[in-house]
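Take a walk through this model, one element at a time.

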Protein chains: 2
Amino acid sequence: MARLSVFGIDGLPEITPGMDLAEMIHDAAGDQGDALQDGDIVLVTSKIVSKAEDCIVELDDVEPSDFATRWSLKWDKDPRVTEVVLRESKRVIRQIGPVLITETHHGFCCANSGVDQSSSGAHGRILTLPVDPDATCRAQRERFAELGVDVAVIMTDTFGRPWREGQTDIAIGIAGMHPLFSYIGQHDPHGHEFRVQEICTADELAGASELVKGNTSRVPVAVVRGFEWEADDDASMAPVLRDSERDLFR
Amino acid sequence: MARLSVFGIDGLPEITPGMDLAEMIHDAAGDQGDALQDGDIVLVTSKIVSKAEDCIVELDDVEPSDFATRWSLKWDKDPRVTEVVLRESKRVIRQIGPVLITETHHGFCCANSGVDQSSSGAHGRILTLPVDPDATCRAQRERFAELGVDVAVIMTDTFGRPWREGQTDIAIGIAGMHPLFSYIGQHDPHGHEFRVQEICTADELAGASELVKGNTSRVPVAVVRGFEWEADDDASMAPVLRDSERDLFR
């Protein structure tokens, strides 16, 4: 029976553009006595990837559109931030009161296109989501392999959801393992087909990682050890992103 | 820094109405060498609670309404099951094609009011969700205390969600700890208020528990050890259930 351990990786410095996150995570894990092992799943908060990949927008350089300006002034928001949120989106899903829920270029549905004003390191700058989270995870997984460990990599972000209060960490990028576990065609001990068809293990792993990372504690990386996964070098988040046509809430 | 371990509790027998789940879980944990400890969080799959609380419907006893019958025949469904789904709901959120998304009497938004046809132990019977999951969790927490351990209890179920494929386990009942962790009023190291206001730790814990329980493995209970929580004897899932008026997707 599976027995997981979940722990954070501490001791990373403030991240700046161009840093080799995989190597830093590998070394920090070793330094704290938790050297990475084959089979580990490394969960990296998107925020430090945005910093390493220079997904930083200087608000002084942003010229807000008329649309962004009118809505922002009505709701006491910075029109330049709204402009960046709209640029990061391919579609507005809901714009009601001060709430702006968008579908990002990647296909993630979330508030404000995942733009982060809270912790970019300086006022006047905001962080956008990494451009291609799957590609980043694949590159990190390859870098970990060069450093001698065969690990899966998941990039996480903190999203709200319909119907329920409170946010949870979910997966926005993956490499090495498929994000879904399928029960399709399997039967329970009584011969019924499973009501549950697919579990999004990637999101459950992301949520588990948040429990040790937290948002105040500056622990941007966690490891889940002991979860069995099959290697899949073509893995991506694409199968998790529901088609608009199949979606009843877009 | 937090370090969690997550493991399943094996060796429970087939559950029948009236069984004392807390005592059985307590004993099974001891038998497998994982005696429960103060501070553990015990996560119980709703299915075994439904069985223990006799939330079992004999389909032969169900008289479907005209509405349930017409829709079911159109989509090749059992009208008696549809009738039970509607009885378990206070409101239909979406009814499109063969999909029926409802708000249950408890206030959970999910497919088919959480009615489970897959594993009720015999054909011709289905399971409904426990009537008052918070109350069940409170009673179990009290029972665990009588048995000598101070644990939090979370009841879990496997729900789908808008926008993303794959289901995840979430919390439907809780006792001992508040389901949300709030950052409201706190600031990050750069003095910004947190973008994230509240994390639904209960749902993240539920998702983590699914990783060791699985749906085929007949491991209906998991324990998370090492997660710090403050005792809250008034805890319930109520703060997680978003008011309809605040919800943009109902």
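Helix α5 of chain A covers residues 133–146. Its 14 residues reach 20 Å from the first C-alpha to the last, close to the 20 Å expected at 1.5 Å a residue. Keep in mind that this is a predicted model.

Which residues of α5(A) are buried? They are A:Pro133, A:Asp134, A:Thr136, A:Cys137, A:Arg138, A:Gln140, A:Arg141 and A:Phe144. An α-helix has 3.6 residues a turn, so residues three or four places apart point the same way. The buried residues of α5(A) pack against α1, α2 (46–52), β8 (152–159) and β9 of chain A. After the helix comes A:Gly148, with a positive phi near 105 degrees.

Now turn to the sheet. Strands of a sheet pair through backbone hydrogen bonds, either parallel or antiparallel. Here 10 strands form an open sheet with mixed pairing. Read across, the order is β9(A)-β8(A)-β2(A)-β12(A)-β1(A)-β1(B)-β12(B)-β2(B)-β8(B)-β9(B). The edges are β9 (168–175) of chain A and β9 of chain B, each of which pairs on one side only. On average, neighbouring strands of this sheet are turned by 25 degrees against each other, direction ignored.

Strand β2 of chain B (residues 41–45) runs parallel to strand β8 of chain B (residues 152–159), with five bridges between them. In that pair, B:Leu43 stands opposite B:Ile154. A helix of each chain packs on the sheet. Helix α1 of chain A (residues 21–31) touches β1, β2 (41–45) and β12 (221–225) of chain A, and its direction makes about 110 degrees with that of β1(A). Helix α1 of chain B (residues 21–31) touches β1, β2 and β12 (221–225) of chain B, at about 110 degrees to the direction of β1(B).

The other pairing joins the chains. Strand β1 of chain A (residues 3–9) and β1(B) are antiparallel, over five bridges. A:Ser5 stands opposite B:Ser5 there.

How many residues does each chain give to the contact? Chain B gives 65 residues and chain A gives 65 residues. On the side of chain B that touches chain A, the elements giving two or more residues are β1 (3–9), β4 (89–96), β5 (99–104), β9 (168–175), β11 (198–199) and α6 (201–213) of chain B. The largest share, nine residues, comes from α6(B). By class, this side of chain B has 29 nonpolar, 17 polar and 19 charged residues.

Conventions
Residues numbered from 1 in each chain as written. Chains lettered and ligands numbered in written order. Predicted model: local features only at pLDDT ≥ 70, side-chain atom pairs only at ≥ 80, totals over all residues. Contact = placed C-beta atoms within 7 Å. Helix = DSSP H or I, 4+ residues; strand = E, 2+ residues; numbered from the N terminus. Nonpolar A, V, L, I, M, F, W, Y, C, P; charged D, E, K, R; others polar. Pairing = 2+ DSSP bridges. Axes fitted to C-alpha atoms, helices over the stretch in contact; angles between N-to-C directions. Expected span 1.5 Å × (residues − 1). Buried ≥ 20, exposed ≤ 12 C-beta atoms within 10 Å, placed from the backbone.
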